[in-house]
Amino acid sequence: MIVRQAKPTDASTIARIHVDTWRNAYKEIIPDEVLNKLSYEKREKMWSNTLNNKENKSIIYVGEIEPQKVVGFVDGGKERMNNPLYKGELYGIYILEEYQRKELGKLLVQSLVSELLKTNIQSMLVWVLADNPYRRFYESLDGKQVGEKFIKMDDKKLKEIAYGWSDINSILKSITASARSHLISTSRICL
């Protein structure tokens, strides 16, 4: 797997991944009217504007299973609500369903965290829908629940949970330990 910074030419692929993963992950959570309004064209325009904007401070990485085959991405940067404790934010991570649970998510988060550390951001949070079955991913990275709020989508009230890391170096340690454990269990299978 290859993780690299996103380029403007990735906008179309990122848009498709964004829409497809929302429709898959949130089909029982977010109202159908909201999911049905999602379009590749609108998301591509949004991502194209983001990736072509020289003033954009977002950190965006893509994950490829082979050159030119992007199957996931992560987006993050400075925390957007002026939280006094958490200075960085993981805005979103999206991976096509068939490529999930193959360590790509951890590699993408690792790249984001490494970039945040370069800009002297030591802490981070992420907001996740409480009913999102994939929120366990953040728990696997030792994220702690640090807040909650309610948002409204098409007249439906949805609960969001914030996971936080007061020291994002712990994420890197968690990923390293997980990789080491995976390597040991894989080598035992081969014996």
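Which residues in α1 are buried?

**Figure 1. Helix α1 and its buried residues.** Buried here means under 20% relative accessible area, with exposed over 50% and partly exposed in between (1.4 Å probe, protein chains only). In α1, the buried residues are Ala11, Ile14, Ala15, Ile17, His18, Val19, Thr21, Trp22 and Ala25. An α-helix has 3.6 residues a turn, so residues three or four places apart point the same way. The model is predicted: local features need pLDDT of at least 70, side-chain atom pairs count only at pLDDT 80 or more, and totals for chains, interfaces and linings use all residues. Residues are numbered from 1 along each chain as its sequence is written, and side-chain values use heavy atoms, without hydrogens and water.

**Figure 2. Packing partners and length of α1.** Contact means heavy atoms within 4.5 Å. Helix α1 covers residues 11-25. Its 15 residues should span 21 Å at 1.5 Å a residue, and the end C-alpha atoms are 21 Å apart, which agrees. The expected span is 1.5 Å times one less than the number of residues.

**Figure 3. The loop at Gln68.** Gln68 sits in the loop between β2 (59-66) and β3 (69-78). Its phi is positive, about 70 degrees, although Gln68 is not a glycine. Gln68 counts as exposed, at 67% relative accessibility.

**Figure 4. The loop at Asp142.** Asp142 lies between α5 (136-140) and β6 (144-153). It is not a glycine, yet its phi is positive at about 65 degrees. Its relative accessible area is 41%, so Asp142 is partly exposed.

Figure 5. Helices (H or I, at least four residues) and strands (E, at least two) are DSSP runs, numbered from the N terminus. Their order from the N terminus is β-α-α-α-β-β-β-α-β-α-β-β-α. The radius of gyration is 17 Å, close to the 16 Å of the globule rule for 191 residues, so the chain is as compact as a globular protein of that length. That radius is taken over C-alpha atoms, and the rule is 2.2 Å times the number of residues to the power 0.38. The C-alpha trace spans about 55 × 40 × 35 Å along its principal axes. Of the 191 residues, 45% count as buried. Among contacts between residues at least 6 apart in sequence, 64% join residues at least 24 apart.
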